[in-house]
Amino acid sequence: MNTQYVLLVCVIVPTLIHGFNIIVPGSGTVYFLEQVEPGERVHQQFHVYVGGLRDIDFKIFDPNGKPIYEASRVESEGTEFIAQVGGEYKFQFTNSISTVTDKFISVTTTVGNKLQEKDVAKAEHLSKLEESVVMLGQSIRSVADEQKYLKVRERVASNTNQSTNSRVLWWGVIETIVIIGVSLWKTYHIRGMFETKRYQTL
């Protein structure tokens, strides 16, 4: 099998990418379902960008309800697997640590790259160049996920800085008003004392 045919197959295989944000309430559980065919590669990446210590419990269940992946109290996580059975896979987030604080999560899920159904996906048929192409695709996806994570963190940091600057500004305004008020009151009070003494002298 030549390299051109392998590259063509890798390009025309459909890949479905979902990117969205979810909110997990305190002591709550949120999940979403993803339809996956047997042999499809699933890549899932998420980042908790707002909420408490930014930690969450995460599980993946296969269509039979069997847990195939689990992570506890993580801020960000990325996992990849090949579906052994077809059906709806369940991706579940549980905010069991925080009873009040909501967790805001950025999620990216990629379903596709169904190479196992083709002979080109089998290790014994892959040349060094073909393996490099597959690894390059995975590396590009990892870089894209990392860039998205950094963009989210940058936005959160920017919002935090703006909020802090706003609070400092208003605190400075209130402090200035209080100082001016106290100064005026002291001036009025001292002036009243001198006027009282002057009247007593007269």
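How many salt bridges does a search of the whole structure find? The search finds four; a salt bridge here is a side-chain nitrogen of Lys or Arg within 4 Å of a carboxyl oxygen of Asp or Glu. This is a predicted model: local features need pLDDT of at least 70, side-chain atom pairs count only at pLDDT 80 or more, and totals for chains, interfaces and linings use all residues. Residues are numbered from 1 along each chain as its sequence is written, and side-chain values use heavy atoms, with hydrogens and water left out.

**View 1. Confidence along the chain.** pLDDT is the predictor's confidence in each residue, from 0 to 100. The chain averages 78, and 76% of the residues score at least 70. Among the elements, strand β4 has the highest mean pLDDT (96) and helix α1 (residues 3-12) the lowest (36). Helices (H or I, at least four residues) and strands (E, at least two) are DSSP runs, numbered from the N terminus. Over residues 1-14 the pLDDT is below 50; beyond near neighbours in sequence, this stretch has 19 contacts in the model. Contact means heavy atoms within 4.5 Å. Residues 115-121 also have pLDDT below 50, with 16 contacts beyond near neighbours in sequence. Where pLDDT is low, the predicted coordinates should not be read in detail.

**View 2. Strand β3 and its partners.** Two strands pair if DSSP finds at least two bridges between them. Strand β3 (residues 41-50) runs antiparallel to β8, joined by nine bridges. β3 also pairs with β6 in the antiparallel sense, over seven bridges. Gln45 has Gly78 as its bridge partner in β6 and Thr108 as its bridge partner in β8. His43 has Thr110 as its partner in β8. Nine of the ten residues of β3 are buried, so β3 is largely enclosed by the rest of the structure. Buried means under 20% relative accessible area, exposed over 50%, partly exposed in between (1.4 Å probe, protein chains only). Strand β8 (residues 103-112) is likewise largely enclosed, because nine of its ten residues are buried.

View 3. Asp55 is buried, with a relative accessible area of 7%. The side chains of Lys103 and Asp55 meet in a salt bridge (3.0 Å, N to O). Lys103 lies in β8 and Asp55 in the loop between β3 and β4, so the pair ties together parts that are 48 residues apart in sequence. Lys103 is buried too. Arg73 and Asp55 form another salt bridge (3.4 Å, N to O). Arg73 lies in strand β5, so this pair ties together parts 18 residues apart in sequence. Shared partners join Asp55, Arg73 and Lys103 into one network.

**View 4. Glu75 and Arg54.** These two side chains form a salt bridge, the closest N and O atoms being 3.3 Å apart. Glu75 sits in the loop between β5 and β6 (76-82), Arg54 in the loop between β3 and β4, 21 residues apart. Glu75 is partly exposed, at 27% relative accessible area. Arg54 also counts as partly exposed, at 25%.

**View 5. The largest nonpolar core.** A nonpolar core is a set of buried Ala, Val, Leu, Ile, Met, Phe, Trp, Tyr and Cys residues joined through side-chain atoms within 4.5 Å. Of its 20 residues, Phe46, Ile56, Phe91, Phe93, Ile105 and Val107 touch the most other members. Elements giving two or more residues include β1 (15-24), β2 (29-36) and β7 (87-94).
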